[in-house]
Amino acid sequence: MDWGTELWDQYDILDKHTQSGLDLVDKYVKFVKERTEIEQTYAKQLRNLTKKYSPKRGSKEEQECRFSNHQAFLDILNEMNDYAGQRELIAENMMINICIELTKYLQELKQERKMHLSDAKKAQQSLEGTYKQLDNSKKRFEREWREAEKASQYAEKTDQDLNATKADVEKAKQQAHMRTHIAEECKNDYAAQLQKYNKEQNQFYFTDMPLIFNKLQEMDERRIKKMAQGYILFADTERQVMPIIGKCLEGINRAGTNVNERNDSVVLIEQHKSGFERPGDLEFEDYSQGINRASSDSSLGTPKGPLELLGKNKNKTFRLFNKKSKLPSSSLSPFSTPPTPSPANGPPSPKFGRDPLSYCLKEINKTVKPRISSFRTLKRTPVDTEGFTHLPPEQRRKRLQQKIDDISKELQKEMDQSEALGKMKDVYEKNPQMGDPASLAPQITQTAQNMEKLRGDLNKYESWLAEAGGRGDSIRYSTHSLNNNGAHNPSSPGALSDDTDPSQAVYTEFDDDFEEEELATPIGQCTALYNFPGSSEGTISMQEGEVLSVVEEDKGDGWTRVRRNNGDEGYIPTSYATITLNK
């Protein structure tokens, strides 16, 4: 069934129907555009949210990320940031694949519909023109035939009139014959016009208009099919990023699973363990020994102890300085002077006199004053931050070990560079056309100076670590040095022999790559078109439809470097993926 056959007389209905179809396309485009704006706003708000709660560089929150629960929250923020990126990708793909495409297609449909309706209007105007010609010829034929009848009747009447002359009769007959001839010509013209109109009308209703209506039908069906594709794309656009969104949610779930409350407690211990010994028991200072029995009968009554004299709570531990002054007590301070024990037995001191209260206050005053003086002196003394002597013992050992590891890594780099310069110098000496060996002398000298300085620093920090009671359980480097000619010098200060003192050796803890490389910022994204096993060294596997981040674009060799969300990197064939670079 088609419109040209079944709806041959419904031109106005087809006009309205096709127009409503185009209005629907325009309405759907506006709907998708508003959806993209919502997605972009949502993604922007998510990014602002993650930025708001992300720790600032060097802040206290960043330092607390060593705890698993803090790190898990940071991982959640990173996953939410990636999730926001996927929402932006949904908005971008909808704008490109639906809004822009349908808008362009809508303009084409409007032009095509306008052309078809114009053809129908022209055909209708042509048929109407033919009908006017037919009507004019019909009216002329009717008029001329009436005139011919009148002329014939007048000729007959004249012929029967006895008073009419022969000339009048002949004249009347000629006039009737002429009118009859004209009427016959109009009749023939009317017949020709009628035949022409019927032919055009048949052409209009059975050929021209059905063809135009069928074209409108075909156009409308193409529009409906395109709309159906747009509806499917509306869902597929979001479905394509669902795997990555699922990975983001899995990352959030994994962050919660990785929280280890016991490990956080251990980290807190390792971070803040001071290494001090617990304070011992306070000695009992018995001031009642040797007191004259008669004094107990005096108006002073029983002498008060130190806690009562200082107004302290009896249930609390005695401290020389309150919490506000932040001065350590005698039992905790490593630099305080221990109290002088009072004699356990023997005669009373001459200084005791008859007033035990005054004696106790004087003794406490003697003990407190030197401690306050020593504390003020310590505060004025500059802190030795290089040797970390201002830290508690345990924290000092950790900082010293960390410093030794950093210096050892730097030393290994300088040694590798020195070895490379030596080999390069040998190559230049053997092949002068490749370069001047003397040009490497400044670099070799500078490298040797850097190595010597680092070795000195290393020995200094190792001696401090030994003083602090460090274990020195690090891995020894197979150090070596190069002379100015780039050759290995086993007798150089950096070389190690079998009988070298282990305390003077170079230690460090290092990974295979010495340092973690900073991850490069992605420059775009790509979607896999085919499966790729990634069995060769340096490549990475991928599945069809998988979305990866582009780290390095194709340099002309046909390979592109990509990265997954979990950090895996490798190369894939450029032709195996659709690559979109950031602008």
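Reader: Which residues of α10 are buried?
Author: In this predicted model, they are Ile444, Thr447, Met451, Leu454, Arg455, Asp457, Leu458, Tyr461, Glu462, Trp464 and Leu465.

Reader: Why is Arg455 called buried?
Author: Buried means under 20% relative accessible area. Arg455 has 10%, so Arg455 is buried. Arg455 is found in helix α10. Its C-alpha atom is 8.5 Å from that of Ser408, 47 residues apart along the chain.

Reader: How do you know that the span of α10 agrees with its 27 residues?
Author: Take 1.5 Å a residue. Helix α10, residues 441-467, should then span 39 Å. The end C-alpha atoms are 39 Å apart, so the two values agree.

Reader: What comes just after α10?
Author: Gly469, with a positive phi of about 85°.

Reader: At what angle do α4 and α5 pack?
Author: About 175°, with the axes 6 Å apart. Helix α4 covers residues 68-160 and helix α5 residues 166-257.

Reader: What makes α4 roughly antiparallel to α5?
Author: Angles over 145 degrees count as roughly antiparallel. The angle here is about 175°, so α4 is roughly antiparallel to α5. Their contact has 46 nonpolar, 18 polar and 28 charged residues.

Reader: Where does pLDDT stay under 50?
Author: Over residues 292-354, which have 60 contacts beyond four places in sequence. Over residues 374-383 the pLDDT is also below 50. That stretch has seven contacts beyond near neighbours in sequence. Where pLDDT is low, the predicted coordinates should not be read in detail. For the chain, the mean pLDDT is 78, and 74% of residues reach 70 or more.

Key:
Residues numbered from 1 in each chain as written. Predicted model: local features only at pLDDT ≥ 70, side-chain atom pairs only at ≥ 80, totals over all residues. Heavy atoms only, no water. pLDDT = per-residue confidence, 0-100. Contact = heavy atoms within 4.5 Å. Helix = DSSP H or I, 4+ residues; strand = E, 2+ residues; numbered from the N terminus. Expected span 1.5 Å × (residues − 1). Buried < 20%, exposed > 50% of the residue type's maximum accessible area, 1.4 Å probe, protein only. Axes fitted to C-alpha atoms, helices over the stretch in contact; angles between N-to-C directions. Parallel < 35°, antiparallel > 145°, perpendicular 65-115°, else oblique. Nonpolar A, V, L, I, M, F, W, Y, C, P; charged D, E, K, R; others polar.
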